[in-house]
Amino acid sequence: MTSTPDTARLVAGLREQTAGFTRAIAGRDPDTPVPTCPAWPLRTLVGHLGQEHRWAAELVRRREQLPVPDPREADPGAPEGWARWLHEGAEELIGAIRRTGADTRLPTFIGPRPAAFWLRRALSDTCVHHYDAASATDTAFVVAEDLAADVISENLDLLSTPGFAAIRPAVAELRGRGERIGFRPQSAEGWVITRAPEALRWERGPVEADVVVSGAVVDLVLVFSRRVPPQDGRVTVTGDRALLDHWLAHTAL
């Protein structure tokens, strides 16, 4: 079993991915469409990311759950100040985690969790939105393999958490009769997801499943997060394709 990145790696990763995001949007028209977020122009994507980091920081500081903010109401300011505004938001979250203590348990939407939960959640979302920005601006998307792998693990942790279906009702449709879905990277152990009748389960290790997606871990993240379709030439799908399609249709976070 591969362990979760430690707090220092999560901090470094959030900085890496925020920096990659800012490079992708530098000098771009705020009205640039974001194809992977069809209802959003680039300005809304920028506003959402900075808003999310600040919202998570406030959750950590106040040690309570707060309403999820509307991305359309976020104001990132003028484009020439976007990079600074985004970096400040990431640093605000990092600072809040450090002052509170990464291991301090706080209330979250899935029950009490260490404060570092919010750092990991923000990093996962930042990685995916970095790709959104990069694809919208035809910029290279780069993410370290360990961070890409943890995007998948972090999402599976949420999807398999008891009670998560109360927040995302579509997740209840993922229960099954033991069907297995596998994601097999080229250079590390993979993920096997079991759709059990009582709950969703997952583990890391050798991949034997009813349907398997194989490819570089970064490309697996893009399929897993529904950023590229399974028929994309960067990955290979073997087995029960309908099972994979059903999974992808019910896993939006």
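Strand E6 (residues 211-215) is mostly covered, with five of its five residues buried. This model is predicted: local features need pLDDT of at least 70, side-chain atom pairs count only at pLDDT 80 or more, and totals for chains, interfaces and linings use all residues. Residues are numbered from 1 along each chain as its sequence is written, and side-chain values use heavy atoms, leaving out hydrogens and water.

**Exercise 1.** Work out which residues lie on each side of E6, and whether they are buried or exposed.

*Solution.* Start with the terms. Buried means under 20% relative accessible area, exposed over 50%, partly exposed in between (1.4 Å probe, protein chains only). Strands (E, at least two residues) are DSSP runs, numbered from the N terminus. In a regular strand, side chains alternate between the two sheet faces. One side of E6 holds Val211, Val213 and Gly215. The other holds Val212 and Ser214. Both sides are buried.

**Exercise 2.** Find the strands that pair with E6 and the direction of each.

*Solution.* Pairing takes at least two DSSP bridges between two strands. Take E3 (residues 179-185): five bridges join E3 to E6, in parallel. Here Gly182 stands opposite Val212. Next take E7 (residues 236-239): four bridges link E7 to E6, antiparallel. Val211 has Gly239 of E7 as its bridge partner.
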